[in-house]
Amino acid sequence: MILQLLHRAVAPVFIGIMLGCTASSNQQPIVGAGLVSAPIAPTSYVAGANGYRWANVSIGGGGFVTGVYTHNAQKDLVYIRTDVGGFYRWNAEDKTWIPLNDSFKSQEKTYYGGEAIATDPNNPNIVYMAAGKYSQWQPKGSIFKSTDRGKNWTKLNIDLGMDSNDEHRWAGKRLAVNPANSNVIFFGSRHDGLWKSEDAGATWAKVASFSPTFTKSVGILGIVFDNQVPGLVYANVYGDGIYQSTDTGVTWSKIAGSPAQAQRMAVANNSILYVTHMAGVSKYQNGTWSNITPEKKPAAFNALSVNPLTPNDVLVALGQSTSTKIYRTSDGGVTWKELKASIKHTVPWWDDSMFSLWTSAIEFDPKVPGKVWLTDGFGIWQTDNINANSVVWTNYEQGHEEVVAFALAAPPKGALLLSGVADVDGFYHNNGLNAFPAKRFEGISPINNANRDTYAIAYSQSDPLRLVRVGGSRWNSTYTGATSTDGGLTWKKFASFPASMPLRVAISATNPNLFVVAVSLAPPLRTTDGGASWSAVSGLPNGPKGPWYWGQPLVADKVDGNTFYYYSDGKVYRSTDTGASFSVVNSSIPTIDQYAQYALKTIPDAKDEVWLSLDWEGLFHSTDGGKTFAKLPSVEKAHLFTFGKPQTGSTTPALYLYGKISGLGEGIFRSLDRGKTWISIGSSQNPIGGEPNVMEASWQQFGLVFIGTNGRGIYYGTPNDSKEQAALSSAPVHAIRP
């Protein structure tokens with residue numbers, strides 16, 4: 001996705017974040033049959049309106065951490081960047097990660113993309129971040145400054161197209177602060193050249209003297225200063241080579257013989273430049289390049305770090321690999337040793353293969369000898385002794401929540417929550433919401449397949465322990481589904497499934513063996529024998545393109561087991577013959593933009609009652625099986641919505657909405673009278689703006705609602721005065737000051 005760039009001056013915007021965490025507890029979490037428990041760790045939360053509080057569901061990483069950054073002078077000051085989940089800062093006291101982007105609203109969703117980050121070498125309180133997920137989005141990406149280690153941010157006067165989730169996101173450091181003069185900052189963009197500030201970020205100008213040949217979508221991949229030589233700075237132009245400036249970026253020249261496809265650079269304290277690239281490892285010393293590739297075998301190397309205390313001590317790792325190898329030299333690359341690894345997990349469902357998958361960064365800790373940080377496609381690792389014969393790497397994931405949520409289910413029996421996510425499949429949240437799940441889902445992809453997805457989960461209303469789930473592996477285009485008879489603890493793979501990508505599934509309210517599946521770019525499918533055999537559904541259009549699709553077009557009536565509903569392109573379809581055929585029952589529904597969110601939903605004990613959300617077109621309600629719909633006048637935007645357990649003494653399901661209500665503005669809301677009146681329950685400190693794409697509410701606990709995002713995991717909101725708080729976690733939640 002290559003798009004034009006725009007530079008536009010804007011007034012600085014102040015953004016505040018309130019952080020909190022819990023005290024630890026010795027009590028045991030809730031545990032499902034046959035599953036191991038996980039320790040309750042401190043849980044960050046923010047306060048919402050009308051007595052609500054919001055926190056991440058504890059899952060444990062699950063997303064690409066594309067860089068790790070230590071501060072040269074401040075012990076334990078460590079940051080990470082992620083491709084779709086923003087930035088985090090390490091809290092050494094309780095070994096948790098503090099998210100730093102959560103104050104951005106959904107209109108600012110692009111700022112959840114971590115393009116680059118840089119600390120001020122001379123002031124540990126100052127940090128800059130370049131944030132922008134996709135360059136075609138508005139607003140454009142931008143650079144932000146914090147003077148309190150990321151608690152609050154000020155937007156700077158620079159807007160450029162950034163693509164944190166694009167090519168070579170795992171490499172480079174595009175943002176750098178001059179150690180000799182903190183007022184000087186460089187940013188190497190993907191699309192629009194080199195930018196420089198000479199007043200600590202207040203103003204920016206494009207460096208006109210720097211005009212190499214850029215690789216589309218990658219551009220300038222890295223900027224590094226030589227700490228020993230004032231004015232000496234290097235720029236990695238991926239595909240063209242490495243350039244240097246000896247006058248702090250006024251003039252530039254290409255270094256002859258430099259690697260064309262460099263990924264990372266590091267300058268030792270003896271001024272030797274080390275470079276990893278797509279063909280190996282090189283170093284630049286006294287005007288000469290040397291090939292120092294381990295084992296002298298050409299290969300793509302990425303992660304790179306030079307020991308700040310010992311300039312000849314260098315770590316490198318293979319890049320873009322599912323079986324990363326880590327090498328170390330103590331003589332500047334003359335000889336190398338491959339490091340053996342021993343894995344220690346703090347997340348129950350992680351396995352050893354997650355250590356070696358797409359290693360992105362490795363960094364010596366500048367203040368603690370022997371300590372090294374490493375990041376990869378799933379999270380963050382640390383060793384306290386890189387000198388051991390077998391290096392023990394421990395994953396630290398508490399607070400780092402980065403999964404992309406496709407599906408949520410909160411049935412009236414069994415687990416409070418089941419989640420379907422990208423890459424790590426999904427979870428039966430057996431340990432409550434504030435402790436890591438014991439294991440990942442199984443039954444669709446091979447258990448040793450590190451990358452697998454669940455796109456949809458549904459349960460039968462009459463027997464909610466009977467579930468169906470669909471998904472598969474994008475990496476080898478194998479898709480299927482599975483059924484469960486015990487609420488999602490165990491799964492049995494479909495006996496067969498056509499060569500299609502399943503997107504959504506609806507299960508009959510009265511017959512758990514009957515379900516309909518919407519598939520990508522083909523007619524929906526139907527089974528009456530629990531997935532043993534399949535037939536095409538008639539009367540419906542081809543499904544939308546998957547897998548990155550967030551609509552909810554398919555739903556079963558929760559009373560009549562023969563009835564299903566489907567929405568597409570301004571039409572509502574209905575089947576009354578167990579999903580075998582559908583026909584249009586309403587063609588007067590507003591059409592919406594192809595990227596708008598929409599969802600069809602039904603509720604228990606209400607035959608023929610159908611609800612339809614159409615993003616900016618609002619929320620619609622039908623009581624006659626979709627023949628007619630009435631728009632709720634108070635709802636100006638219905639991005640997401642869901643129903644949950646009624647309050648005590650009522651039979652009216654609680655209605656939750658992520659959208660805009662007349663007189664209340666945008667946010668998260670709850671109604672107890674089918675949308676006649678609303679209260680706000682969202683948080684201004686954390687509006688859950690990281691592409692919220694799925695919403696469900698609990699049918700076991702009144703007031704409990706879930707929102708799944710596109711890279712910031714899953715959130716839950718619950719009233720502070722909930723009498724069933726123990727079901728969420730065995731540890732109480734206490735706010736602390738930032």
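## A tour of the predicted model

Select Ala 482 to begin: its bridge partner is Lys 493, in strand 39. The model on screen is a predicted one.

Select strand 38, residues 478-484, together with strand 39; the two pair in the antiparallel sense over two bridges. Now widen the selection to the open sheet of four strands, whose order is 36-37-38-39 with antiparallel pairing. Which strands stand at the edges? They are strand 36 (453-460) and strand 39 (492-493). Each has a single partner strand, so one side of each is left without a neighbour in the sheet.

Asp 453 belongs to strand 36, while Arg 474 sits in the loop between strand 37 (463-473) and strand 38. The two residues are 21 residues apart, and the pair links distant parts of the chain.

Next, select Asp 560 and Lys 607. They form a salt bridge in which the closest N and O atoms are 3.9 Å apart. Asp 560 is in the loop between strand 44 and strand 45 (564-568), and Lys 607 is in the loop between strand 48 (599-602) and strand 49 (610-613), so the pair ties together parts 47 residues apart in sequence. Asp 560 counts as buried at 19% relative accessibility, whereas Lys 607 is partly exposed at 43%.

Then go to Glu 636 and Lys 660, whose side chains meet in a salt bridge of 3.5 Å, N to O. Here both ends are in strands: Glu 636 in strand 52 (residues 635-644) and Lys 660 in strand 53 (residues 654-661), so this pair ties together parts that are 24 residues apart in sequence. Glu 636 counts as partly exposed at 32% relative accessibility, and Lys 660 counts as partly exposed at 24%. Select Lys 75, Asp 76 and Lys 371 to see salt bridges that share partners and join these residues into one network. The count of salt bridges comes to 25.

**The nonpolar cores**

In soluble globular proteins, nonpolar side chains tend to be buried together. The largest nonpolar core here has 40 residues; within it, Ile 326, Trp 393 and Phe 706 touch the most other members.

- strand 25 (314-318) and strand 29 (361-364)
- strand 30 (372-375) and strand 32 (390-395)
- strand 33 (405-409) and strand 58 (714-719)

Centre the view on Ile 326. Leaving aside residues up to four places away in sequence, Ile 326 touches Leu 315, Val 316, Ala 317, Lys 337, Glu 338, Leu 339, Phe 355, Ile 362, Leu 374 and Trp 393. Another core, of 29 residues, lies apart from this one; among its members are Ala 409, Ile 444, Ala 638 and Phe 641.

**A hairpin**

Select residues 280-285, which are strand 22, and residues 288-291, which are strand 23. The strands run antiparallel and are joined by four bridges. Ser 282 stands opposite Asn 291 in strand 23. The two strands form a hairpin with two residues between them, and Asn 286 in the turn has a positive phi of about 55 degrees.

**Backbone details to finish**

Most residues other than glycine have a negative phi, and most peptide bonds are trans. The next stops depart from that pattern.

Follow the chain on from strand 23 to Lys 296, in the loop between strand 23 and strand 24 (301-306). Lys 296 is not a glycine, yet its phi is positive, about 55 degrees. At 54% relative accessibility, Lys 296 counts as exposed.

Select Arg 674 in the loop between strand 54 (665-671) and strand 55 (679-680). Arg 674 also has a positive phi, about 60 degrees, without being a glycine. Its relative accessibility of 28% makes Arg 674 partly exposed.

Where is Pro 139 found? Look in the loop between strand 9 (123-131) and strand 10 (141-146). A cis peptide bond joins Gln 138 to Pro 139, with omega about 0 degrees. The last stop is Pro 547, in the loop between strand 43 (535-536) and strand 44 (554-556). The peptide bond from Gly 546 to Pro 547 is cis, and its omega is near 0 degrees.

Definitions and conventions
Residues are numbered from 1 along each chain as its sequence is written. This is a predicted model: local features need pLDDT of at least 70, side-chain atom pairs count only at pLDDT 80 or more; totals for chains, interfaces and linings use all residues. Side-chain values use heavy atoms; hydrogens and water are left out. A nonpolar core is a set of buried Ala, Val, Leu, Ile, Met, Phe, Trp, Tyr and Cys residues joined through side-chain atoms within 4.5 Å. Buried means under 20% relative accessible area, exposed over 50%, partly exposed in between (1.4 Å probe, protein chains only). Contact means heavy atoms within 4.5 Å. Two strands pair if DSSP finds at least two bridges between them. A salt bridge is a side-chain nitrogen of Lys or Arg within 4 Å of a carboxyl oxygen of Asp or Glu.
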